[in-house]
Amino acid sequence: MSTRLDLSKLDLMDALDLAKLIEMEACHRYQMFASQLGRTGGYDAGAFFASMAENEAKHGQELEARRKALFGDTPARLTLDDLYDVEAPDMGAPHRGMSTIQAFEIGLAAEQKAHDFYDAALPGIKNPEVRELFIELRDEETEHVEMLQKAMAELPASAGAEAEYDVDETPYM
């Protein structure tokens, strides 16, 4: 997980843009996983990744609305090229037939990775508004981890079984 930015120099607008981009990157990755795995019916790994994509998109939209309220249409100075894998799950994480539990574990690792990013950045953040935002985002990631852990604990025992698949009917990964 990394950024090409000096986080200590971020102002609030850039920090909001960075947070939104982090959510976008994760959303795109989950969409790719959902597309690659497809759906076998019910709540399977593909369905889990699709729901994670929706959640990341929603959080990104909330950050964008907040940014727009504060800074209007001022053009962003940051792009997806300024970061890599801050919250997005590892590219090679999914595999055909993976269980729903395995998908949840990927999601948990990604949420923890985002928490760790914000937490590790805090000591270098001097701008009080950015520091407050990063604390808020770190704490939200903690909530996401806890929500996923709770949902994972409520999954039926069958969620741990890898799905059988027909090589001829499964999307290529």
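Visitor: Is the crossing in which α2 passes α3 left-handed or right-handed, and what is it called here?

Guide: A word first: this is a predicted model. The crossing of α2 past α3 is right-handed.

Visitor: How is a pair of packed helices described?

Guide: Two numbers do the work: the angle between the axes and the distance between them. Take helix α2, residues 45-71, and α3. Their packing angle is about 25°, and their axes lie 8 Å apart. Angles under 35 degrees count as roughly parallel, so α2 is roughly parallel to α3.

Visitor: Which residues of α2 and α3 meet?

Guide: From α2 come A45, F48, F49, M52 and E56. From α3 come T100, A103, F104, I106, G107 and E111. By type, this contact has 7 nonpolar, 2 polar and 2 charged residues.

Visitor: Now α3 and α4. At what angle do they pack?

Guide: At about 160°, with axes 8 Å apart. Helix α3 spans residues 100-121, and helix α4 spans residues 128-153.

Visitor: Are α3 and α4 roughly parallel or roughly antiparallel?

Guide: Over 145 degrees counts as roughly antiparallel, and α3 and α4 are therefore roughly antiparallel to each other. Their crossing is left-handed.

Visitor: Which residues make the contact of α3 with α4?

Guide: On α3, they include I101, F104, L108, H115 and Y118. On α4, look for F134, L137, V145, L148 and M152, among others.

Visitor: How many residues of this α3 and α4 contact are nonpolar, polar and charged?

Guide: There are 12 nonpolar, 6 polar and 5 charged.

How values were computed: Residues are numbered from 1 along each chain as its sequence is written. This is a predicted model: local features need pLDDT of at least 70, side-chain atom pairs count only at pLDDT 80 or more; totals for chains, interfaces and linings use all residues. Side-chain values use heavy atoms; hydrogens and water are left out. Axes are lines fitted to C-alpha atoms, for helices over the stretch in contact, and angles run from 0 to 180 degrees between N-to-C directions. Helices (H or I, at least four residues) and strands (E, at least two) are DSSP runs, numbered from the N terminus. Angles under 35 degrees count as roughly parallel, over 145 as roughly antiparallel, 65 to 115 as roughly perpendicular and the rest as oblique. A crossing is left-handed if the near helix is turned anticlockwise from the far one by less than a right angle, and right-handed if clockwise. Contact means heavy atoms within 4.5 Å. Ala, Val, Leu, Ile, Met, Phe, Trp, Tyr, Cys and Pro count as nonpolar, Asp, Glu, Lys and Arg as charged, and the others, Gly among them, as polar.
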